[in-house]
Amino acid sequence: MPDKIVPPIHGLSEASWESVYAVPCTDSHEELVPLSLAPEHMLSRSIYFERQIAGALPECYAREGVLERLLHASSLLPSHLRLVVLDGWRSTQVQSFLFTECTNAFSTMHPDETEEEISRKAQQYVAKPMTDITMPAPHSTGGAIDITIADKAGKKLFFGAPFDFPNEISSTDYFEKKLEQNEKLTAKEEEALYNRRLLYFVMTQAGFVNFHCEWWHYEYGTQRWALDTRADHAIYAPISFSLDPYNHLKDI
């Protein structure tokens, strides 16, 4: 049984990419920081590195402001649970791979649809790779993270759809809408409903906004965050990153 009462998910923004990209970016110059250094509060597991995708880092990184808010979100969870970060900052190389992978999958499933229709479907789950710095994929800014919850024994909670599953069941309010239509949920669906509500509650209380198509995807400081919170501009623009210390010599 749930040990924390959390409110239903409602009022999710379904802003188009065009409206998101219309928001200006002014970078705060916050550093990218690793997310694995506070394991008593949250865990970090680089899912795309595990998949051996070229360009994926062995650690999840995000902006300093994201880390601060993740620690806040963690403090709102029941004591036997903690956050698990699956992805943070993402290179253009990884973004391109994921977008191509998704479009290829949809092309196979919908062979009669146009390239534009396939691209639109894919963008429900993977942002297009950046070709214009005013239109960055959210993960390229260090302000977007993919996240789930596990218990202290390492068992991940059930959310009704696996991470990165490109289907409508991955929509954050999928089970809320079933309730609105007076559909009876199974016990497992009720479990997923509660876990999505819990994740949404702690993350939004900490200042993040959710991408409505993905229960696992949250943002702070990005164009979507600025649009949803009515901020004048995003505070995170696309940022480059390397683990090679010699890359920093040019900055001296």
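**Exercise 1. Which residues are linked with Glu 14 in a network of salt bridges?**

Solution. Glu 14, Asp 173 and Lys 177 form one network of salt bridges. The model is a predicted one. A search of the whole structure gives 15 salt bridges.

**Exercise 2. Find the salt-bridge partner of Asp 146 and state which parts of the chain the pair ties together.**

Solution. 
Step 1. The partner is Arg 90, and the closest N and O atoms of the two are 3.2 Å apart.
Step 2. Buried means under 20% relative accessible area. Both Asp 146 and Arg 90 are buried.

**Exercise 3. Describe the salt bridge between Glu 116 and Arg 120, and classify each residue as buried, partly exposed or exposed.**

Solution. 
Step 1. The N to O distance in this salt bridge is 4.0 Å.
Step 2. Glu 116 and Arg 120 are four residues apart in helix 5 (residues 115–122), so about one helical turn separates them.
Step 3. Exposed means over 50% relative accessible area. Glu 116 has 60% relative accessibility, so Glu 116 counts as exposed.
Step 4. Arg 120 has a relative accessible area of 48% and is therefore partly exposed.
Step 5. For another pair, take Glu 219 and Arg 224, a salt bridge with its closest N and O atoms 3.2 Å apart. Both Glu 219 and Arg 224 are buried.

**Exercise 4. Work out how helix 4 and helix 5 are arranged, and name residues that meet between them.**

Solution. 
Step 1. Two packed helices are described by the angle between their axes and the distance between the axes.
Step 2. For helix 4 and helix 5 the angle is about 120° and the axes are 9 Å apart. That angle makes helix 4 oblique to helix 5.
Step 3. The crossing of the two helices is right-handed.
Step 4. From helix 4, Phe 99, Cys 102, Thr 103, Phe 106 and Ser 107 meet Ile 118, Ser 119, Lys 121 and Ala 122 of helix 5.

Conventions:
Residues numbered from 1 in each chain as written. Predicted model: local features only at pLDDT ≥ 70, side-chain atom pairs only at ≥ 80, totals over all residues. Heavy atoms only, no water. Salt bridge = Lys/Arg side-chain N within 4 Å of Asp/Glu carboxyl O. Buried < 20%, exposed > 50% of the residue type's maximum accessible area, 1.4 Å probe, protein only. Axes fitted to C-alpha atoms, helices over the stretch in contact; angles between N-to-C directions. Parallel < 35°, antiparallel > 145°, perpendicular 65-115°, else oblique. Left-handed = near helix turned anticlockwise from the far one by under 90°. Contact = heavy atoms within 4.5 Å.
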